[in-house]
Amino acid sequence: MSKATTDNRLISRRPNIEYRKVGSSGFLADQANDTVYHLNQTSSAIWHYLEQSATMQELINTLQAAFPETPGLQIEEDVKSAFNQMIEKNLIAPCLDKM
């Protein structure tokens, strides 16, 4: 899926993915393929933000407002990279019924 395709599409968590916090680290467990993924800070923020469906741009805007001391371009690049990795790992996906 291309970057342009995901920028404005609503994205949601995939069903049957469980979040676990161990110490200060977050993990996602995909029971369908018995895989566990370690989340960095950006991926953790995405997972928590997607409690309700949102677009990648909405998340970027929210994080840029929450962390004004961090360069906006860095936040944008980090979010896009994490989004793409999470989509490739089938942890999050575009909503099928909403655009």
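I looked up how α2 and α4 pack in this predicted model: the angle is about 70° and the axes are 9 Å apart. Axes here are lines fitted to C-alpha atoms, for helices over the stretch in contact, with angles from 0 to 180 degrees between N-to-C directions. I file α2 as roughly perpendicular to α4, because that class runs from 65 to 115 degrees.

I then listed the contact (heavy atoms within 4.5 Å). Thr42, Ser43, Ile46 and Trp47 come from α2, and Asp78, Val79, Ala82, Phe83 and Met86 from α4.

For α2 I noted as buried Thr42, Ser43, Ser44, Ile46 and Trp47; buried is under 20% relative accessible area with a 1.4 Å probe, protein chains only. At the N-terminal end of α2 I found Asn40 as cap, a side-chain oxygen lying 3.1 Å from the backbone nitrogen of Thr42.

Next I checked the largest nonpolar core, which has 21 residues. A core is a set of buried Ala, Val, Leu, Ile, Met, Phe, Trp, Tyr and Cys joined through side-chain atoms within 4.5 Å. Among those with the most contacts inside the core are Ile46, Trp47, Val79 and Phe83. I noted that α4 gives the most, six residues.

Beyond neighbours within four places in sequence, I found Phe83 in contact with Ile11, Ile46, Met56, Leu59 and Ile92.

Numbering starts from 1 along each chain. Local features need pLDDT of at least 70 and side-chain atom pairs 80 or more, while totals for chains, interfaces and linings use all residues, and side-chain values use heavy atoms without hydrogens or water.

Methods
Buried means under 20% relative accessible area, exposed over 50%, partly exposed in between (1.4 Å probe, protein chains only). Helices (H or I, at least four residues) and strands (E, at least two) are DSSP runs, numbered from the N terminus. Angles under 35 degrees count as roughly parallel, over 145 as roughly antiparallel, 65 to 115 as roughly perpendicular and the rest as oblique. A polar contact is a pair of N or O atoms within 3.5 Å; within protein, one must be able to donate a hydrogen and the other to accept it, and residues adjacent in sequence count only if both atoms are side-chain atoms.
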